[in-house]
Amino acid sequence: MPSTIEAAVRVQTKRQPLPPRERLEQIFDVRGLTATYGSKPALKDVSMEVYKNLVTAIIGPSGCGKSTYIRCLNRMNDLVPGFRQEGTIRYHGQDIAAKDVDPVAVRRTIGMVFQRPNPFPKSIYDNVAWGLKVLGMKDDLDDRVERALTQAALWDEVKDRLKASGLSLSGGQQQRLCIARAIAVQPDVILMDEPASALDPIATQAIEQLMHELKSEYSFVIVTHNMQQAARVADMTAFFSISRGGEGERWGELIEYDSTERIFTAPSDQRTEDYVTGRFG
Amino acid sequence: MSSVDLSALQRPNDRLRRRRVVNRSMELLAWLTAAIAVAFLGVIVWSVARRGAGAVDLDLFTKPQVPYAPAGVEQGLANAFAGSLVIVGIAAAMALPFGILVAIYVNEFAPRAIRSGVSLVLDVLNGIPAIVVGFFVYGLIVVGHGQSGLAASFALAVLMLPLVARSTIEVLALVPASLREASLGLGVPRWRTTLAIVLPQTVGGIVTGTTLAVARIAGETAPLLVTSSLVTNGTSWNPLHALQTVPVAIFELTESYEPADHARAWAAALVLLLFVLFTSFAARWAATRSRRKLARTGR
C-alpha cells in the first residue's frame, strides 16, 4: 500500500504531455455564456472549449461562478427559479442551451456528481440499478452494476452487502457510489461539482485515482476549491475570478484557460498567478 | 484580579430582589396557563368518560337507533357509526389524492408566484366556516338530489382538502433538493423523479396529515346537518341515501327528553373522543418516525 504522498506523486507523473490543442477533439464549445439569477449576474461572457478524454478543472475563489458554469453544461440550472442564460453551448456541434433542446436528454449523456454525496435512500445495488432500469438499460443488470461499482473502486468493499442501504456507507464510499451511479448509465461526460470537498484525504485520493483511470472512457469537468487537486488531476485548467463593477455589482469571469502545466507554472495573467501562488483567495 | 470588588455582588439590592420576585411570579403564571390548557383536555376526557362509559356496550355498536321507540326498546347507534365510517371514508378517498396532487404541483412544478397564490387560497379555504361549506353543498347537490351520504362526504372532503394539501406541501419541502438533483442528474424525467424518489420520502408525513385531517372532520357536525341528517330505520351502508352520523346523533340525542338518550349521547361522545385521541397520537407517532427517516437522508 503506497502512502498518500507517493500515490499523489505517482498520479502527477502519470500525466501525458498534451498534444497541441488544435489536434484535440472538442466536446464542448461554449461561446459568450452569461448567466444571471434573478437580477444578480453570476457569470459574464465565458467562452472556452472542453476537450474529449481529458480532465478539465475549473478553479477560482468562492462566488466566481464555477458551479454555475458547470451546471450550465447539463442544464441543471433550469431547475433554479429565476435563472436565465445567454450564449451558446455547443456539445459535439449542437447548441444544448437552446430552448427546444430537452434538458432530460442532455443530462442523460452529461452526468453529474455533486458536492455532497447524495445516494438515494435505497440499497447499494439499487442506487446503481435504479437509473439503469428507469433509462431502459435492463439487460445484464447485475453485470452492469458490478462493472460500475468496480470502475468506481467500490466493488470490493460492498460486494458482500449489496442489499445494505447506500446511506450506511461512509462519506467517501457514498461519493464513490454516486460516481458508480453516474457512470453506470454510460454518459459521455461527467461533471463533478467539488466532488471531494466533503471528504477526507484518503477518499479524495481514491476519487482522483478513479478519474485518471476512467478518463480514457469519459471526459471529466471538475470544479474544485483545491488547487493541489487541480494540479494533480487536471489536464486543462480554467481559472475563474470575480470582477466588480460600479454600485457593488460583482460577477464571475473566465480569466485564463490553458494546460494545467502552464496555469500553475507560467500563467499569463497576473490574477491567475496571484491565485495559484496563494497571494489571493 | 484582586482589585475587583466582589462584595458588590452580594450586597443586598432592592432592584435585584424585585426582579427576582417578578421573574418568579411570571414563571408561575406561565406554568399555570400551561397547566390549565392541559387540564381542559383532562377535564373533558374525564367528564365524558364518567358519564359515557356506563353506556358503552356491545348494543351501542350492533343495534341501530329506533325512531320514536317506546321505552324499553333496546337500541344503539350502529347506524350512526356505519354512516360516519362511510361518509368519512369516502371523504378521505376524495380529498387524499386531490390534496396530494395539489401539493405536488405546488411544491414540485409551480412557479414561485403561483406557489404562494395557491398556498394563500388553501389557507382561506381552511378558514371557511364548516356550515358555509355545508350550505354550499346543500345548494349544489342536496337541492334537486336530496340528502345523501355522498353529499356529506363531498362537504367533508372540501374541509379536508386544505389540511391534506398543506401538510403534504410541508413534507415535500423537507425532502432535500440534493435528492431530486441526484435523480435529475442521471437524466431521469421530472415526473419520474417525483414519483419514485421524492414521494416515497413523504409517505409518513402524508399519513400524518391525513390522519389529523380525518380526526378533525370525523367530529364535524354543521355540514352534516344540512347534507345528511334524515334518519331512516335500520343500519344502512349505502352512501346514496341519507346516513346518520355520530356527531349528528349526539346533537339530536342531547335534545331528547329521555335520560337513556342522554346516556347514549355521552357514550357516543366518548367513542368519538377516543377515536380522535387515538388518531392524533398515531399521527404524532408517524410524524416523528418519518422526520427521523428524512433527517437520515437529508444530512
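Q: Helices are DSSP runs of H or I with at least four residues, numbered from the N terminus; in which helix of chain B is I169(B) found?
A: This is a predicted model, in which chain B averages a pLDDT of 88 and 97% of the residues score at least 70. The helix of chain B that covers residues 149-174 holds I169(B), and that helix is α7.

Q: Does I169(B) count as buried or exposed?
A: A residue is buried if 20 or more other C-beta atoms lie within 10 Å of its own. I169(B) has 25 C-beta neighbours inside 10 Å, and it therefore counts as buried.

Q: How many residues of domain 2 of chain B are in contact with domain 1 of chain B?
A: The domain assignment of chain B places domain 1 at 12-55 and domain 2 at 58-298, and the C-alpha centres of these two domains lie 33 Å apart. Domain 1 of chain B brings eight residues to the contact, and by class these are five nonpolar, two polar and one charged. From domain 2 of chain B, the number of residues in contact with them is eight.

Q: Which element gives the most to the side of chain B that touches chain A?
A: The model scores ipTM 0.86 and pTM 0.80, and the contact takes 19 residues from chain A and 17 residues from chain B. On the side of chain B, the elements that give two or more residues are α8 (177-184), α9 (190-218) and α12 (259-298). By class, this side has eight nonpolar, five polar and four charged residues. The element that gives the most to it, with five residues, is α8(B).

Q: Why do the buried residues of α5(A) line one face of the helix, and within what arc do they fall?
A: Helix α5 of chain A covers residues 141-151, and its buried residues are V145(A), A148(A) and L149(A). Seen down the axis of α5(A), these buried residues point into a limited range of directions, so they line one face of the helix, the arc being 95°.

Methods:
Residues numbered from 1 in each chain as written. Chains lettered and ligands numbered in written order. Predicted model: local features only at pLDDT ≥ 70, side-chain atom pairs only at ≥ 80, totals over all residues. Contact = placed C-beta atoms within 7 Å. Nonpolar A, V, L, I, M, F, W, Y, C, P; charged D, E, K, R; others polar. pLDDT = per-residue confidence, 0-100. Buried ≥ 20, exposed ≤ 12 C-beta atoms within 10 Å, placed from the backbone. Arc of directions from axis to C-beta. Domains from an automatic or database assignment.
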